[in-house]
Amino acid sequence: MPATTPSFYAGLSKAANARLLSVCLVAVPLAVWAINTSVGIWQPSTFSSPRELGSLLFEWFSGGSIYPHMLQTIFEVVVGLVFGTVLGVTFALSLSALPTLYEIFNPFIIAGNAIPRVILAPIFVLWLGFGATSKIAVVTAMIFFPFFFNIFHGLKSVNADLVNRARTLGAKRLDLVTNIYLPSVAVWALASLRASVGFAFLAAVVAEYTGASGGVGYLIGFAAQVGSVTQIFAGICVIMLMVLPFNFLVSFMEGRLERWRPASSGRT
Amino acid sequence: MAASVFWSNMSEVAVSRSSLRLRNRSLVIWAARLLVVVLIVGFWQISVDNRWLPRISFGTPRTILDQLIVWLQTPQIVYHVFLTLLEASLGFLVGAGLAVLIVAGFIFSSTFERATMPLLSMLNAIPRMALGPLYIVWFGFDLAPKIILVATVVFFIVVFNLQNGLHTVSRSLLSNLRVLGAGRVEMTRYFYIPALFGWFVAGIRTSIGFAFAAAIVGEYIGSTAGLGYLISFGLARYRPEETYAGIILVLVLVILIDYGLSLLERRLGHWALGREALD
């Protein structure tokens with residue numbers, strides 16, 4: 001018998017195997033969680049339960065109580081991203097124009113980059129209070145450095161051959177800026193934006209833990225104080241719901257930009 | 001050197017000047033750096049003294065210095081620093097160890113890799129430090145939640161870093177070894193471990209920074225000791241000098257550790273470089 005009927009497992013292709021295993025890796029823990037909490041082996045007070053989590057999320061979204069908090073966090077992230085980008089680009093442009101100034105500020109920039117910026121949240125709360133401003137400042141501090149470094153090095157790595165050739169062909173300084181430098185800065189900026197979205201949310205949420213009056217991080221921090229695991233889970237789900245569209249938007253923008261990406265160092 | 005072609009064309013003066021009188025120039029630059037620090041500290045002290053800035057939220061450089069001196073004279077500070085370092089290093093060991101185990105699994109089974117990576121990427125969308133409150137509720141206010149938080153943060157960094165490295169190993173060297181009859185054990189011993197070691201070393205510096213941050217964020221959320229506790233306790237009872245002094249201690253530690261790691265990286269880098277030459 002065993003010789004004539006090949007086992008179900010061996011009959012699957014390697015890719016299908018991987019997919020099956022992948023589904024199991026998600027489904028089995030979820031099922032264990034659902035069963036154990038509903039039978040009562042795991043206390044819902046420490047482990048929550050799928051039903052409690054679902055009903056809280058439903059209540060938040062249908063009752064509308066979550067939207068102001070989501071808006072607050074998204075506002076902090078977006079404004080912080082804009083400030084961080086603008087500051088990063090401005091500093092990168094001006095410091096690469098002024099090498100002496102760059103040399104003076106270099107150790108400060110390196111030290112600032114070595115510091116984990118999330119831990120500065122309490123300082124910003126001291127300076128700017130418990131409102132959105134202090135969270136925006138934390139996000140800005142978080143975003144500034146990757147932007148600065150990416151664009152600064154991006155500007156340095158702009159292909160010299162390309163610039164020389166364009167100049168030979170009669171390109172004016174303005175042509176160089178609009179046709180070579182700005183597009184390459186845009187590419188580098190988008191690349192750092194992609195890496196930064198997650199960090200921006202992290203910074204906003206952690207800053208809301210240290211002291212806030214609203215936002216999803218505030219909800220989670222409050223839930224931790226009253227010991228509501230369900231509310232913590234729900235808060236984390238909401239954060240994921242907010243991060244994913246942002247990531248999607250950034251990769252979409254990157255895809256659009258790919259089409260008119262300027263020649264990088266590989267192509268001359 | 002710092003200027004791109006574009007800017008050096010725009011400011012040729014600066015470049016030609018930079019090649020002149022190098023020694024004087026570096027002296028001037030150090031003086032300028034010092035001036036920046038003195039200006040900031042002086043402005044801070046003067047504006048709080050003249051009540052342009054509220055003392056309650058800015059403290060003054062002098063009170064912060066006093067606070068630091070008071071702390072450094074008491075033995076408790078050693079305990080707080082030690083706790084934070086312990087959390088960060090234990091969490092790092094656990095997280096990096098798990099990550100190495102998982103990637104070792106990838107080497108032995110590509111099916112395992114293809115099954116695990118989608119799950120890991122999905123979990124990667126959670127800001128890991130946001131899990132702090134959950135761990136606090138589950139594991140209390142002691143060391144455990146911070147160690148687990150650090151381990152979670154470090155695990156993802158190291159896994160993605162090593163997995164990335166696994167896909168950039170030299171394919172031709174791999175096939176050569178296979179043709180020469182190397183088994184899985186030999187491949188791991190002589191190829192994968194040396195090849196991934198460089199990636200691991202490169203990831204250590206980033207992940208130790210994050211390990212430190214995670215330990216301190218964990219302490220902000222709920223703790224009874226540690227540097228993060230000192231900082232947030234200062235915030236809670238309106239003693240800004242404690243918050244600033246705590247953050248200064250953290251910064252000094254982080255910069256020292258980062259410097260030490262950069263030395264280590266340079267030492268170990270030779271190893272990784274040998275690998276490059278091999279490729």
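1. Partly exposed is the class between buried, under 20% relative accessible area, and exposed, over 50%. B:Arg237, with a relative accessible area of 41%, therefore counts as partly exposed. The model discussed in this note is predicted.

2. Chain A is helical: its secondary structure comes to 12 helices and zero strands. Read along the sequence, the pattern is α-α-α-α-α-α-α-α-α-α-α-α. Chain B likewise has zero strands, with 13 helices. From the N terminus on, the elements of chain B run α-α-α-α-α-α-α-α-α-α-α-α-α.

3. On overall dimensions, chain A has a radius of gyration of 25 Å, whereas a compact globule of 268 residues would have one near 18 Å. The C-alpha trace of chain A spans about 75 × 65 × 35 Å along its principal axes. One pair of residues illustrates the distances within the chain: A:Ile110 and A:Gln43 are 67 residues apart in sequence, and their C-alpha atoms are 48 Å apart in space. A:Ile110 lies in helix α6 of chain A and is partly exposed, at a relative accessible area of 48%.

4. On burial, 45% of the 268 residues of chain A count as buried. In chain B, buried residues make up 46% of 279.

5. Five salt bridges are found over all chains in a search of the whole structure. Side chains of opposite charge can pair when their charged atoms come close. The side chains of A:Glu103 and B:Arg25 meet at 3.0 Å, N to O. A:Glu103 is partly exposed, at 30% relative accessibility, whereas B:Arg25 is buried, with a relative accessible area of 17%.

6. Further along chain B, a network of salt bridges links B:Arg237, B:Arg239, B:Glu241 and B:Glu242. Within it, B:Arg237 forms a salt bridge with B:Glu242, with 2.7 Å between the closest N and O atoms. B:Arg239 forms a salt bridge with B:Glu241, where the closest N and O atoms are 3.6 Å apart. The two arginines are partly exposed: B:Arg237 has a relative accessible area of 41% and B:Arg239 has 31% relative accessibility. The two glutamates are buried, B:Glu242 at 7% relative accessibility and B:Glu241 with a relative accessible area of 15%.

7. Two backbone angles should be noted. Most residues other than glycine have a negative phi. B:Tyr238 has a positive phi, near 55 degrees, and is placed in the loop between α12 (227-236) and α13 (240-278) of chain B. B:Tyr238 is exposed, with a relative accessible area of 56%. B:Arg51 also has a positive phi, near 60 degrees. The loop that holds B:Arg51 runs between α3 and α4 (55-58) of chain B, and B:Arg51 is exposed, with a relative accessible area of 76%.

8. A nonpolar surface patch of about 440 Å² is made by residues of chains A and B: A:Leu98, A:Leu101, A:Phe105, A:Phe108, B:Val37 and B:Val41. Two elements give two or more residues to this patch, α6 (99-114) of chain A and α3 (22-49) of chain B. The largest share comes from α6(A), with three residues. B:Val37, found in helix α3 of chain B, is partly exposed, at 37% relative accessibility.

9. A positive surface patch is formed by A:Lys14, B:Arg114, B:Arg171, B:Arg178 and B:Arg184. B:Arg114 lies in helix α7 (residues 110-124) of chain B. B:Arg114 is partly exposed, with a relative accessible area of 42%, and therefore lies over the 30% that a patch requires.

Methods
Residues are numbered from 1 along each chain as its sequence is written. Chains are lettered from A and ligands numbered from 1 in the order in which they are written. This is a predicted model: local features need pLDDT of at least 70, side-chain atom pairs count only at pLDDT 80 or more; totals for chains, interfaces and linings use all residues. Side-chain values use heavy atoms; hydrogens and water are left out. Patches are made of residues with over 30% relative accessible area and no salt bridge: like charges are joined within 9 Å, nonpolar side chains (Val, Leu, Ile, Met, Phe, Trp, Tyr) within 5 Å. Accessible areas come from the Shrake-Rupley method with a 1.4 Å probe; for residues, only the protein chains shown count as cover. A salt bridge is a side-chain nitrogen of Lys or Arg within 4 Å of a carboxyl oxygen of Asp or Glu. Lys and Arg count as positive and Asp and Glu as negative; His and the chain ends are not counted. The place of a charge is taken as NZ of Lys, CZ of Arg, CG of Asp or CD of Glu. Helices (H or I, at least four residues) and strands (E, at least two) are DSSP runs, numbered from the N terminus. Buried means under 20% relative accessible area, exposed over 50%, partly exposed in between (1.4 Å probe, protein chains only). The radius of gyration is taken over C-alpha atoms; the globule rule is 2.2 Å times the number of residues to the power 0.38.
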